[in-house]
Amino acid sequence: MAVYRTVVVGTDGSDSSFAAVDRAAGVAADAGAKLVLVCAYYPASKHDVEQAQDELGDEAYQVVGSAPAEDTLQSARDRAAKAGAKDIQTIAVNGEPVHALRKVVHETSADLLVVGNRGLNTLAGRILGSVPAEVARKSGVDVLIVHTT
C-alpha cells in the first residue's frame with residue numbers, strides 16, 4: 001500500500017467539505033503526512049466592497065478579498081488538528097475550485113487529493129460537472145472522494 005507524504009483537501013466551509021477535512025486529517029495523521037488545506041475564493045468586485053462598507057462599516061474587512069477564505073481555513077485547521085494531523089498548511093487560492101486544487105496539488109507535489117462528494121449525484125453536477133468529478137479526471141494523483149451527503 002502506498003504511503004502518502006502530502007495530502008491536499010479542499011474546503012469551502014460547508015459541512016460536506018469539513019467532513020472531507022476530517023477524513024483527510026485522519027489519513028494524514030495515520031501516514032505521518034503533511035496536510036494542505038485549500039480554499040478557493042473569488043475576490044469581491046468594487047461594487048460589492050463598497051456595498052459591504054456601507055452596510056457593515058468597520059466589519060467590512062470580513063467579506064473583502066480572501067478574509068472569508070482565511071476564516072474557513074482556520075476552522076478547517078482547528079478540525080484537522082483535533083483529528084490528529086500534525087503538519088498542517090493552509091492556502092487560499094483566488095479562482096475556481098478545480099483549478100485551485102490542481103494548482104496546489106502540483107505546487108506541493110501532493111500524492112493524494114481529498115474532496116467531498118457534494119455535487120456528484122445532482123442533476124446540475126451530471127450536466128455541468130462537479131468539483132469531485134472534475135478533480136478525479138484531471139488531478140493526476142490519487143483522489144479520495146468522501147461520502148458526505
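Q: Which residue in strand 4 stands opposite Val7?
A: Leu112 does. The model is predicted: local features need pLDDT of at least 70, side-chain atom pairs count only at pLDDT 80 or more, and totals for chains, interfaces and linings use all residues. Residues are numbered from 1 along each chain as its sequence is written, and side-chain values use heavy atoms, without hydrogens and water.

Q: What makes strand 1 and strand 4 a pair?
A: Pairing requires at least two bridges found by DSSP. Strand 1 (residues 6–10) and strand 4 (residues 112–116) have 3 bridges, in the parallel sense. Therefore they count as paired.

Q: Why are strand 3 and strand 5 at the edges?
A: The open sheet has 5 strands in the order 3-2-1-4-5, paired in parallel. Strand 3 (88–94) and strand 5 (142–146) each have a single partner strand, so one side of each lacks a neighbour in the sheet.

Q: How do you know which strands helix 1 touches?
A: Contact means heavy atoms within 4.5 Å. Helix 1 (residues 15–31) touches strand 1, strand 2 (34–41), strand 4 and strand 5. Its direction makes about 170 degrees with that of strand 1. Such angles run from 0 to 180 degrees between N-to-C directions, with axes fitted to C-alpha atoms.

Q: What makes a residue count as buried, and how many of the 149 do?
A: Buried means under 20% relative accessible area, with a 1.4 Å probe and protein chains only. Of the 149 residues of the protein chain, 40% count as buried.

Notes
Helix = DSSP H or I, 4+ residues; strand = E, 2+ residues; numbered from the N terminus. Buried < 20%, exposed > 50% of the residue type's maximum accessible area, 1.4 Å probe, protein only.
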